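Here is a short tour of a protein chain, written for someone who likes to follow along with the model open. Please have your viewer ready.

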Amino acid sequence: MTTTAPADPVALAAPDAATGTELAAMRQAIAISAFGLGRTSPAPPAGCVILDQGGRIVGQGYRLRAGDPGAEANALAAAAAKAAHGTAVITLEPDQDGAQELLDAGISRVVTSLPRPRGSAVQALADAGAQVVARVLEAEALTVLGGWFMGLHTSRPTVTWAYLASRHQPRPLPRDLTEAEMLRARADVVLRPSGQPAEAVPGAHGPGVLRLPAVLPAGDPAGALAQLHAGGVRNLFLGGHPTLAVPFVEAGLVDRVVAYLAPLAASEKGEALAWPVPAGFRVTGVRRERQMVRVQAARAPQATRS
């Protein structure tokens, strides 16, 4: 995934200008930013850590929901007067409002990770006299913000499909498996077996933020995703029902799969599992969980379609 650097980055220091303390703070900002997954869309799930002049953490914050105060505002509120002459470490370049909040709080140094594609205000910070270090730990920040950036590029949500691999066809994950609940918590919307989209965690985004259609166009996965994206959805979770998910897979519109493999009975060991990993995906992780094996796979870049 490529991002666009800010125009005319005068007075912006290179990533290696970040100190060890700032790198540690950035990793903490990345970690807490994930609390915004499944809640902030269509706004980005960003995180911010405030360091005082001695390099001590005095505030941290992340965006709770779209329309709520941003990560910078929440971190500054926690730091209060201790933010003066300190450093703000932020996973995404601030917009104009965030930059002004940093300047008003007396922040003298700003360390950012990913460039904001539109509306970045890092140049305004530098022009106001703040030291700015840009593009720090970009690859690590993309572990949280990657889906949001992908939506900007493709104009569709990131799609995850989770299922139990079996001999005949994929099946929904068992109800007692916590994976399905965890995937829902990170998603904006889940597609029900009926094909109706619903907020993955009811009420997580706040009233009126996501504009979901009553029904999605049948037989048109790309059109369905475009409609969801226009309604504010940035992460979509598909359950294990094959009639629901396979059209998205075959259209090249599923980005990640999580497959669980149950132990095979002796009579089954000579038979292949259906959909252990779909064609066009590469395995990114395998681990054993209790009595099952969990396989995670991502669509190969050349197989991704917009």
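## Two backbone spots to look at

Leucine 137 sits in the loop between strand S6 (131–133) and helix H5 (138–154). Its phi is positive, about 55°, although leucine 137 is not a glycine. Helices (H or I, at least four residues) and strands (E, at least two) are DSSP runs, numbered from the N terminus.

Another loop, between helix H1 (20–33) and strand S2 (47–51), holds proline 42. Serine 41 and proline 42 are joined by a cis peptide bond, with omega about 5°.

## How to read the model

This is a predicted model, in which local features need pLDDT of at least 70 and side-chain atom pairs count only at pLDDT 80 or more, while totals for chains, interfaces and linings use all residues. Residues are numbered from 1 along each chain as its sequence is written, and side-chain values use heavy atoms, leaving out hydrogens and water.

## The annotated region

UniProt, in an unreviewed entry, places the feature "domain: CMP/dCMP-type deaminase" at residues 20–133; such annotations may be inferred rather than shown by experiment. Over residues 20–133 the chain is 33% helix and 23% strand, and the end C-alpha atoms are 13 Å apart.

## Two domains and their contact

The domain assignment (automatic or from a database) gives domain 1 (15–146) and domain 2 (155–265 + 272–299). Contact (heavy atoms within 4.5 Å) takes 8 residues from domain 1 and 13 residues from domain 2. The C-alpha centres of domain 1 and domain 2 lie 31 Å apart.

How many salt bridges are there between domain 1 and domain 2? The count is 0, where a salt bridge is a side-chain nitrogen of Lys or Arg within 4 Å of a carboxyl oxygen of Asp or Glu.
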